[in-house]
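Here are my notes on the model, point by point. Please read them with the structure open.

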Amino acid sequence: MKKLEVGILGATGMVGQRLVSLLENHPWFELKWLAASDKSAGKPYAEACHWRLRVPMPKAARDLMVHECQPGHAPQLLFASLDAKVAGTVERDFARSGHVVVSNSSSHRMDADVPLLIPEVNPDHLALVRTQRQQRNWKGMIVTNPNCTTVGLVMSLAPLDRAFGLEKVLMTSLQAVSGAGYPGVPALDILGNVIPYIHNEEEKVESEAQKLLGKLADGRIKAGTFVVSAHCNRVLVEDGHTESVSVALKSKASLEDITETWRKFRSVPQELGLPSAPQHPIVVRDENDRPQPKFDVETERGMATVVGRLRPCSVLQFKYTALSHNTIRGAAGAALLNAELMKAEGYLD
Ligand SMILES: NC(=O)c1ccc[n+]([C@@H]2O[C@H](COP(=O)([O-])OP(=O)(O)OC[C@H]3O[C@@H](n4cnc5c(N)ncnc54)[C@H](OP(=O)(O)O)[C@@H]3O)[C@@H](O)[C@H]2O)c1
């Protein structure tokens with residue numbers, strides 16, 4: 001199969017670097033074009049980018065020139081990991097010009113005609129792009145992945161919602177510093193500290209969870225009816241958002257039922273054998289002190305949600321801990337899996 005040429009908007013940032021790294025040797029996509037702010041434009045990537053990953057910068061990316069974020073000469077398929085301040089307008093301009101924009105930013109996630117996708121959870125919501133193209137009269141389109149905190153929560157809730165129905169969810173997060181981009185939170189603010197506020201994060205988790213677990217009918221999403229309350233905290237961890245979750249379900253389920261439901265969970269990406277799909281989207285740990293970001297964040301190349309510490313909850317019904325990699329499953333890997341689903345289902349032909 002001839003590889004599809006792709007580009008990245010916001011290639012120099014934390015998520016952009018992950019995308020560059022994950023696209024190295026990708027079997028379907030070939031990275032050909034990069035863009036970022038005026039500060040980086042006109043320089044080779046190796047010079048423009050302050051590379052922050054432990055793996056080396058891919059050779060093929062080093063000499064690629066960084067462009068301004070202007071439609072014109074970019075490949076049709078673009079991954080977008082732009083600063084939230086500019087993402088909304090830039091993504092819209094590219095989609096209007098005929099590009100397929102697979103976005104990480106929050107700007108269009110909650111637009112009624114934009115799919116917000118986790119391919120294991122709501123792959124059918126991709127069909128919403130038909131409404132989008134019709135209503136906006138676009139040749140291109142925008143497809144989004146959720147906030148990095150929403151992904152682990154919703155991945156762990158989705159199979160329970162399908163099997164038993166969700167009623168109430170309480171989530172307290174311990175979020176890694178890489179979730180704030182680069183350079184992110186100043187060292188003097190976070191060293192030896194916990195910051196109990198992340199701008200707009202709780203609102204995003206609550207609304208995105210309801211959209212993701214909603215139903216698509218007649219070209220619109222009917223949001224899930226369960227309630228979610230989120231408390232979001234920034235902690236001194238490099239990568240990996242940990243979440244303490246309490247849940248009440250509509251029908252009765254034992255702890256064994258829940259564990260079994262998580263362990264058996266497989267979905268469309270696994271059936272289609274998408275290249276970035278984890279074999280096990282949810283990995284259950286039995287030890288009483290796992291998951292931990294230090295040991296578990298790379299599980300399934302950072303694409304799995306790791307759960308553990310399932311036990312009864314005296315306020316709701318049961319509680320557990322979930323962990324997912326914020327810049328892989330929560331961002332770059334999520335966008336890549338969305339694009340793979342789109343390719344496999346003929347949306348990129
Ligand atoms: N970090 C995470 O875990 C995570 C997870 C999910 C979603 N997201 C979302 O993904 C997006 C990127 O996040 P990040 O953490 O990678 O942020 P980041 O490290 O701050 O990177 C931001 C990127 O946007 C570019 N940019 C900034 N201003 C621009 C402008 N005026 N015009 C064009 N490009 C501009 C930057 O280019 P220069 O280097 O040239 O300035 C850089 O490439 C954000 O919308 C964020 O909310 C992040």
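1. Across the interface of domain 1 and domain 2, the rule finds three salt bridges. A salt bridge here is a side-chain nitrogen of Lys or Arg within 4 Å of a carboxyl oxygen of Asp or Glu. Arg-18 and Asp-239 form a salt bridge, with 3.6 Å between the closest N and O atoms.

2. A word on the source. This is a predicted model, in which local features need pLDDT of at least 70 and side-chain atom pairs count only at pLDDT 80 or more, while totals for chains, interfaces and linings use all residues. Residues are numbered from 1 along each chain as its sequence is written, and side-chain values use heavy atoms, with hydrogens and water left out.

3. Now the domains. The assignment gives domain 1 as 4-147 + 332-344 and domain 2 as 148-325. These bounds come from an automatic or database domain assignment. The two centres, taken over C-alpha atoms, are 24 Å apart. Domain 1 puts 35 residues into the contact and domain 2 puts in 41 residues. Contact means heavy atoms within 4.5 Å.

4. How much area is buried between domain 1 and domain 2? About 2900 Å², with carbon and sulfur atoms giving 65% of it. Buried area is the accessible area (1.4 Å probe) that two parts lose on being put together, summed over both.

5. On the side of domain 1 that touches domain 2, α1 (14-23), α5 and α13 (328-344) each supply at least two residues. The largest share of that side, seven residues, comes from α13. Helices (H or I, at least four residues) and strands (E, at least two) are DSSP runs, numbered from the N terminus.

6. Look at α5 itself. Leu-128, Val-129, Thr-131 and Gln-132 are the buried residues of this helix, which spans residues 128-136. They fall within an arc of 155° seen down the axis, so they line one face of the helix. The arc is that of the directions from the helix axis to the C-beta atoms. Buried means under 20% relative accessible area, exposed over 50%, and partly exposed in between (1.4 Å probe, protein chains only). The buried residues of α5 pack against β6 (141-144), β8 (215-217) and β9 (220-222). Arg-130 and Gln-134 are exposed on the other side of α5. Just after the helix, Asn-137 has a positive phi of about 55°.

7. The structure holds 14 salt bridges. One of them joins Arg-109 and Glu-208 at 2.9 Å, N to O. Arg-109 is in the loop between β5 (100-103) and α5, and Glu-208 is in helix α8 (residues 201-212), so the pair ties together parts 99 residues apart in sequence. Both Arg-109 and Glu-208 are buried.

8. Asp-113 pairs with Arg-136 in a salt bridge, the closest N and O atoms being 2.6 Å apart. Asp-113 is buried, at a relative accessible area of 7%. Arg-136 is partly exposed, at 24%.
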